[in-house]
Amino acid sequence: YGKLPPVPCFSGQLSQVFMNIFTNTIDSLLSQLQVNGPQNSQANSQLSTQESHSPDNKPLKITVTTCVCAGQPRTGQHEPLSTSEEARWISIIISDNGPGIHPETKAQILESFSTKNRYRKETGLAMSYQIVTAKHGGKFWMRSFHASEAASPEMVQTTGTEFEILLPLTLA
């Protein structure tokens, strides 16, 4: 995933965060195959070893990207990471090209991240949000575009979900 400096963290807790994200992502891709009919029964049972395709014949995939970033978050984020220009962060992005999260479900997930609702709806993603933000002082963003949100048929090609985890690095 690239060369990264050591990150001060609770590795067991972050492993749980990654497992929650990968489980949700794989479930989403598998459900897309099942809902749209099995094109290849071997692909349904062995997603990890066979190249599986969506109904529009694009290969289903999960992408993991890591990098070190400083100061401000990537373009399109809503808040600065730090007022210090010297702040450095590890960015871990896990994305898929699946169907995206339906807007109603996305709203429920984002609502579960709030302090007020977190204890009523303790989901794996809400717990992951808490581990990253409260226990590690990081940031946790979810971006998703569902086909139902597309204004044109061309926009349907850009469906998918992305989770970004930003973890602070201590300054040397």
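These legends go with close-up views of a predicted model.

**View 1**
Let's start with confidence. The protein has an average pLDDT of 76, and 66% of the residues reach at least 70. Take care with residues 40-50, where the pLDDT is below 50; this stretch has 10 contacts in the model beyond near neighbours in sequence. Residues 75-85 also have a pLDDT below 50, with 20 contacts beyond near neighbours in sequence.

**View 2. Here is an open sheet of 4 strands.**
Read across the sheet and you meet the strands in the order β1-β2-β4-β3, with antiparallel pairing. Which strands sit at the edges? They are β1 (62-70) and β3, and each of them pairs on one side only. Ignoring direction, neighbouring strands are turned by 15° against each other on average.

**View 3. Zoom in on the pairing of β1 and β2.**
These two strands run antiparallel and are joined over 9 bridges. To get your bearings, look for Ala-70, which stands opposite Arg-88 in β2.

**View 4. Now for α5, the helix that packs on the sheet.**
The strands that α5 touches are β3 and β4, and the helix direction makes about 140° with that of β3. Several α5 residues are buried: Leu-125, Ala-126, Ser-128, Gln-130, Ile-131 and Val-132. After the helix comes Gly-137, with a positive phi near 65°.

**View 5. This is the largest nonpolar core, with 18 residues.**
In soluble globular proteins, nonpolar side chains tend to be buried together. Which members touch the most other members here? They are Val-17, Ile-21, Val-132, Phe-140 and Ile-165. The elements giving two or more residues to this core are α1 (11-35), β2 (88-96), α5 (124-135), β3 (139-145) and β4 (160-169). Of these, β4 gives the most, with 4 residues.

**View 6. Follow the neighbours of Val-17.**
Leaving out residues up to four places away in sequence, Val-17 touches Ser-128, Ile-131, Val-132, Phe-140 and Ile-165. Ser-128, Ile-131 and Val-132 are among the buried residues of α5.

Conventions: Residues numbered from 1 in each chain as written. Predicted model: local features only at pLDDT ≥ 70, side-chain atom pairs only at ≥ 80, totals over all residues. Heavy atoms only, no water. Core = buried A, V, L, I, M, F, W, Y, C linked by side-chain atoms within 4.5 Å. Buried < 20%, exposed > 50% of the residue type's maximum accessible area, 1.4 Å probe, protein only. Contact = heavy atoms within 4.5 Å. pLDDT = per-residue confidence, 0-100. Pairing = 2+ DSSP bridges. Axes fitted to C-alpha atoms, helices over the stretch in contact; angles between N-to-C directions.
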